[in-house]
Amino acid sequence: MTTPTIKRFAVTLTFGLILVAGLISRPKPSSPAPAAPADRLQINAAGATFPYPIYSKWFDEYHKLHPNLEINYQSIGSGGGIRQLLAGTVDFGASDMPLKDDQLSPFKVKPLHFPTVLGAVVPTYNVPGLSADLKFTQKALAGIYLGKITKWNDPAIARTNPGVKLPGDDIVVVHRSEGSGTTYIWTDFLSKADPDWEAKVGRNASVNWPVGLGGKGNEGVSGSVEQTPDSIGYVELIYAIQNHMRYGLVQNAAGVFLKADLAGVTAAAAAAAKSMPDDFRVSITNAPGKTAYPISSFTYLLIPQSFSDATKRDAIIGFLRWMLKDGQQYTEALSYAPLPKEVVAKEMKAISLIK
Amino acid sequence: MSFRNVWRKSVNIVMFSLTGLATLLTISVLFFILGYLVWYGGSSINWNFFTKLPTPVGESGGGMANAIVGSGKLLLLAALIGVPTGLLGGIYLAEFGRGTFSYLVRYTADLLNGVPSIVMGIFAYTVVVLPMHHGSALAGSLALAVMLVPIVIRSTEQFMRAVPVSLREGALALGASKWRTVATVIVPAGFRGIATGILLALARVAGETAPLIFTAGGNNFWAEGWNQPIASLPVVIYNYALSPYQDWHRQAWAAGLVLLAFVLIVTTGSRIILSLGFQSSRSG
Amino acid sequence: MATSTTTLDSTPRPGRRGRARVFIDRLRSGDQIAHLITLAFAASVFLITCLLVYELWVTSTLPRHKFGLSFLVTSVWDPVFEQFGALPFIYGTLVTSALALLIAVPLGVGAAIFLSELAPPRISDGLSFVIELLAAVPSVIYGVIGIFVMVPLLRKYVEVPLKAAFGYLPLFKGPAMGVGFLAAGVVLAVMIVPFILSISREVLLSVPVDQREAALALGATKWESTWKVVVPYARTGIMGSIFLALARALGETMAVTMVIGNNPQIAASLFAPGYSIAAVIANELAEASSEMHYQALIELGLVLFAVTIIINALARILILTTAGRGTAH
């Protein structure tokens, strides 16, 4: 026979827990549109931070059109997306860097690459008191990231920026701390720019950086640069724009100094568009042409070739089709370039490869 | 007065002034943190914050409703798993246990207590997330539950042992069996302390971020049930704080304040409970 | 009633049937069930720990076989060429924790002395209450305040002047960016000071009054009484609090990863960015690019776990050996 106190306590506790558990587990209507939770489908994806602004816009818009479908995208970096896809902990991934053959081999179900948008990587910096945007040669950027150029008023930088007063402060280099497709694009460009870089560091999602601090995600790098004077980092264009940060002009293969914009990125893709390989894996950094911005890239969704769950497969295919047609209209507002028409057509055909 | 005495008196004054300075420094830094959080967090809290889901990057007006509920869910399941384990384990250690086995249990409980939360996260990742092939609230709760158990077990044992022997002997003398004595006399007598221990443990794991990053992951929508990745306050604070968006920074402050308020309420509440005294809970 | 025989008259003598009868009796009365149930839950703690160690061990076989013990002393962390060494992370973990202790122990113990010896009881209790609340603040909040508030202040008012005055010393070489070993050490110090302070204060308060009075009666100044009699008496408890703080500092993840700069290097300069074991695991685990990379991170977790065990053991040994020599325990 238990005492009244214990009885009361046990009863209250049980009721309380049941009440709370019931309140919490019931699916809530998501805002703004009330959802019919009956066949609610949640798809998990993870990967690149480079396109995260446009992806979060897309998944939000698509959810408004299809309230039962929620695509939960976690922006953890291209390396993370690839790893999670391999481990099977997400339904599809995203990467700025096309997977090499040896990266594809561990996959039991090979992922297909679907380019989504074109973006630019810009050198963003936080140097107080500048009168104009800085112009960087390719070798200057490589030298800064190799640790050979250590001060802002180094001749390699001053030479291309006559009339701009550069401080004699140390350059604080910021790079990505985790495996990143943006890093791949940046190091791919630096490898083409400077054979010294290619030999010492190379191109990859995660490299042995000679100098610098690590920031997490495009968000972390732009946050670090924003908060640290005399710093320089590389981020996707929209991160610099949204944060009102200065970003510099980069000299392209034809010798012209260009500030990243949609026209420059589209020009860089033009040559690739005509000769796009069937699996869409291509690098467009340092593209030829006077108007081509040299640090441009496609970014990809990695969709498994076959799905065991037909509902998920159909939902993802539906999203892909929407993305290729209607989704492209949202790109320019967020400073990404839309895909060239030829690429879109090719992708539409490739969708039929998903089983 | 000899030189030596003058020296000793000066040392007295100087050293105590230094300790006073240390106190001032410590107190002011800590008060500053509280104040800063209350100030910035308070000004960022609005209705949207509590009711809306996150909006696309760069757009304002979003909120953290899913993260707040997510934290609640994670804590609930962690408590359901961890509290009974710790409670019953603590009862064992205090009442039934003898010898090397108890020593082992106590030692591993202390050890687990000191294990960094990130290692708990790895554990839950390899044991739950990988076999299940996705992150989930279940995995996150498990990681938190494993952190709860050592705290609850030790504090339960401590408060059970603090119950006066006379109560124990009285019950036994009246013919109660051991388990009845424990269940109906000792546990209620030590209940205040035990409840305090449980509440403090909950407050401690409520703020843990590292174990949740790769177990519960994150979710921009509502997570239904326990089998999906789920948003939680600490993880969202971490992601937003590192971003370059001012709106996200504001939300991170607000979330920090909410988390802090929860922790403070629980901690203060448990102290009040405890300080009300070890009166017998055998109310009529 | 004869006192020579106990109440065992009615209970069966030990013998196999006898012991079985006792067991069944106890089972019926519920004691054995209760014993078994609570035993099961207590055992689960032990089993979980074993499982934890087992998982860590088994999921790190690749790097253990490839690098062996050299893992602990190599300083390269190269996911591209699959060369992994734990040294920069061990270094970062130890340096930041040491820095934190260096700052927090004098502050914490000093403030504890002040609060226990000099401050009026009400103020002492009130302040102590607030400080203990701060021990409950989640670490991610310390991290956020760290990067938004402390790091810019540290850079502007501490690092830049230090560099200007002492920049030639290897301790202050390199650009002053705010983030780095120093920032991480300071943030950790702020986080562990409440532990040291509140526990030390409690221990100091529990020193019997007659110890103090005896010293004062012999002509000691208050400081001498405190420093030479009270504090040594409370030495065990104070050391315990320091070890607790150290354990917390070693395992701290979030606050450190936000302010340490995330660069796996061994540098003498306080201003240099570094990395700690917990921080690199948090950053890289979800996306380790290869199986070797992933398992190397797990091995780092194992290393951290081992460090925790060692510190734990050291603390116990220290407390055991210093106890009983005119101390409180």
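The model is predicted, so local features need a pLDDT of at least 70 and side-chain atom pairs count only at pLDDT 80 or more, while totals for chains, interfaces and linings use all residues. Residues are numbered from 1 along each chain as its sequence is written, and chains are lettered from A and ligands numbered from 1 in the order in which they are written.

**Chain C as a whole**

Chain C contains 13 helices and two strands, where helices (H or I, at least four residues) and strands (E, at least two) are DSSP runs numbered from the N terminus. Its C-alpha atoms fill a box of roughly 90 × 65 × 30 Å along the principal axes. The radius of gyration of chain C is 27 Å, whereas a compact globule of 329 residues would have one near 20 Å; the radius is taken over C-alpha atoms, and the globule rule is 2.2 Å times the number of residues to the power 0.38. Of the 329 residues of chain C, 50% count as buried. A residue is buried if 20 or more other C-beta atoms, placed from the backbone, lie within 10 Å of its own, exposed if 12 or fewer do, and partly exposed in between.

**Where chain C meets its neighbours**

Two residues are in contact if their C-beta atoms, placed from the backbone, lie within 7 Å. The contact between chains C and B takes 65 residues from chain C and 71 residues from chain B. On the side of chain C that touches chain B, the largest share, 15 residues, comes from helix α2 (residues 31–58) of chain C. The contact of chain C with chain A takes 18 residues from chain C and 23 residues from chain A.

**Two covered helices**

Eight of the eight residues of helix α12 (residues 277–284) of chain C are buried, so this helix is largely enclosed by the rest of the structure. Its cover includes α5 and α10 (210–213) of chain B, together with α4 (87–118), α10 (235–251), α11 (254–259) and α13 (291–322) of chain C.

In chain A, twelve of the 13 residues of helix α7 are buried, among them A:Trp186 and A:Phe189. The end C-alpha atoms of α7 (residues 181–193) of chain A are 18 Å apart, which agrees with the 18 Å that its 13 residues should span at 1.5 Å a residue, the expected span being 1.5 Å times one less than the number of residues.

**Two positive phi angles**

Most residues other than glycine have a negative phi. A:Asn286, however, has a positive phi near 55° and lies in the loop between α11 (262–274) and β12 (296–304) of chain A; A:Asn286 is buried, with 20 other C-beta atoms within 10 Å. B:His133 has a positive phi of about 70° and lies in the loop between α5 (117–132) and α6 (137–161) of chain B, but B:His133 is partly exposed, with 13 other C-beta atoms within 10 Å.
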